[in-house]
Structures are given as structure tokens and as C-alpha cells.
Amino acid sequence: MACMHDHSCEEHNCSSDWSLYKHIDLSKVSALNESVPGSVKSIFKAWEQRLETSGDHLESNDDDPELLVFIPFTADVKIKSISLVGGAEGTSPSKMRAFINQEGIDFSDAQNMQPVQEWELAENLQGVLEYQTRYSKFQSVANLTLHFPNNFGGDTTRIYFIGLRGEATQLKRDVVATIVYEVMPNPSDHKTKSESSGGFSPVE
């Protein structure tokens, strides 16, 4: 379901709502079928920059509009909605399919797997539409893969902005791993005195 972004961002802090881009592990973001390697990283930016179309953007190869975008996060996130600004003249994606916590998906996988959710898209050149997720399905998201199988008739597919609205957990996964390690100590770190010097026996 698509909703209109129907309030003034001057009165409401939209940048805060759409701040999940700060939790994207940008160095590991990737795309299949992008015409310029690494260009996918340019489309994740602040909400107020979503209409900047003069710089870098994501574009598919000529005569092949399909794109697959892999988005890993530095912390588990909950995603409430997704916004996308595509290109003009039929180059905007016409459908979006989402997969959660699936690494290494290729086009064959995406075409044959059941997505968590899919949306029919509109040409959103002004960045006023957002697509609601089935929120209960978009909890504890470590990575998100978005499949764009087609567009509105253009030779290529162009994307200038992908925005994610939601919230991140307070702890990054590497911090959680450290806490789990401390909760489950290594026995070699806690030898009894009898093991180290022969002075006492272990307590049964």
C-alpha cells in the first residue's frame, strides 16, 4: 500500500523518521546489473536530499531493466515503510519485491523465491509516496534485499533514492556478540586455585 507524504517537513522532523540510512553498512551494499559498479551506494542518503538527481545514481545496464539491491545493516532494524525516487521517461521501477535476512540472492533466486512482501509502484518523481510494510514481518532485519524486476517501459531502470523509515535496536550486533561471550565465559579464564597452584579443590 502506498501512502502520500502529506505533511510539511518544516513542521515535522522527517529527517529523523527516515534516518535508517545511518544504520546501513554502506561498505557492503551491492547491486546486481548496475551499469556503474558501486553506484548503488549513492542512493542511500538523508531524506532532504532525496530529490537531488544531478549527481550519482543507480542505473541498470542498457536494455535490461532488472535490478537487485542488497542492503545490510550495522544493527538489527524494524522497517515501517519504504520510499523510492526513480527516473523519468519510464525509467522508474514499476514493482518492488522484498526479501529479509537472505544473503547472496541472485536474479534466479529472486524470481523463484516468495518475497516477504511486494508492491506495485507508481512513478514517484517528487518523493511524496511511501510504501507501508507488513510491519510484523519486518522485525529484526539484519539485511534487506530489494528486487526491481521491471520499469515503466524505459530502456534502463534508474533509482536516485531509497529511504527506509523505522527504528534500529540500541545495540550493534558486534556489541551483542561481546555481551554473549561474557555471559558464557570460557572455562579456561576461570580456573580454580587447585588447577593453577594445587591449593584448593573445586567446589561441588
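This is a predicted model: local features need pLDDT of at least 70, side-chain atom pairs count only at pLDDT 80 or more; totals for chains, interfaces and linings use all residues.
Q: Contact means heavy atoms within 4.5 Å; which residues does Lys137 touch, not counting residues up to four places away in sequence?
A: Residues are numbered from 1 along each chain as its sequence is written, and side-chain values use heavy atoms, with hydrogens and water left out. Lys137 sits in the loop that runs between strand 7 (129-132) and strand 8 (141-148). Leaving out residues up to four places away in sequence, Lys137 touches Ile100 and Val116.

Q: How far apart in space are Lys137 and Gln117, C-alpha to C-alpha?
A: In sequence, Lys137 and Gln117 are 20 residues apart. In space, their C-alpha to C-alpha separation is 8.7 Å.

Q: What pattern does the protein chain follow along the sequence?
A: Helices (H or I, at least four residues) and strands (E, at least two) are DSSP runs, numbered from the N terminus. The protein chain has 4 helices and 9 strands. Read along the sequence, these give the pattern β-α-β-β-β-β-α-β-β-β-β-α-α.

Q: What percentage of the residues of the protein chain score a pLDDT of at least 70?
A: The average pLDDT over the protein chain is 84. Residues 7-12 stay under 50, and the model has 5 contacts for them beyond four places in sequence. Residues 191-204 are also below 50, with 8 contacts beyond near neighbours in sequence. Of the residues in the protein chain, the share scoring at least 70 is 75%.

Q: Is Ser81 buried or exposed?
A: Ser81 is placed in strand 4 (residues 67-86). Buried means under 20% relative accessible area, exposed over 50%, and partly exposed in between (1.4 Å probe, protein chains only). Because its relative accessibility is 0%, Ser81 counts as buried.

Q: Which side chain does the side chain of Ser81 join in a polar contact of 2.8 Å?
A: A polar contact is a pair of N or O atoms within 3.5 Å; within protein, one must be able to donate a hydrogen and the other to accept it, and residues adjacent in sequence count only if both atoms are side-chain atoms. Not counting residues up to four places away in sequence, Ser81 touches several residues, including Trp18, Gln132 and Gly163. Ser81 and Gln132 are 51 residues apart in sequence but 4.3 Å apart in space, C-alpha to C-alpha. The side chain that makes the polar contact of 2.8 Å with Ser81 belongs to Glu130.

Q: Which backbone oxygen does the side chain of Asn33 reach at 3.0 Å?
A: Asn33 lies in the loop between strand 2 (30-32) and strand 3 (58-59). Its relative accessible area is 16%, so Asn33 is buried. The side chain of Asn33 also makes a polar contact of 2.7 Å with the side chain of Asn61. The backbone oxygen that the Asn33 side chain reaches at 3.0 Å is that of Asp64.

Q: What is the phi of Asn101?
A: Most residues other than glycine have a negative phi. Asn33 is not a glycine, yet its phi is positive, near 75°. Asn101 lies in the loop between strand 5 (95-100) and helix 2 (107-112). Asn101 is not a glycine either, and its phi is also positive, at about 55°.

Q: Is Asn101 buried, partly exposed or exposed?
A: The relative accessible area of Asn101 is 37%. With that value, Asn101 is partly exposed.

Q: What percentage of contacts in the protein chain between residues at least 6 apart in sequence join residues at least 24 apart?
A: Ser81 and Gln132 have been given as residues 51 apart in sequence. Among the contacts between residues at least 6 apart, the share joining residues at least 24 apart is 80%.

Key: Contact means heavy atoms within 4.5 Å. pLDDT is the predictor's confidence in each residue, from 0 to 100.
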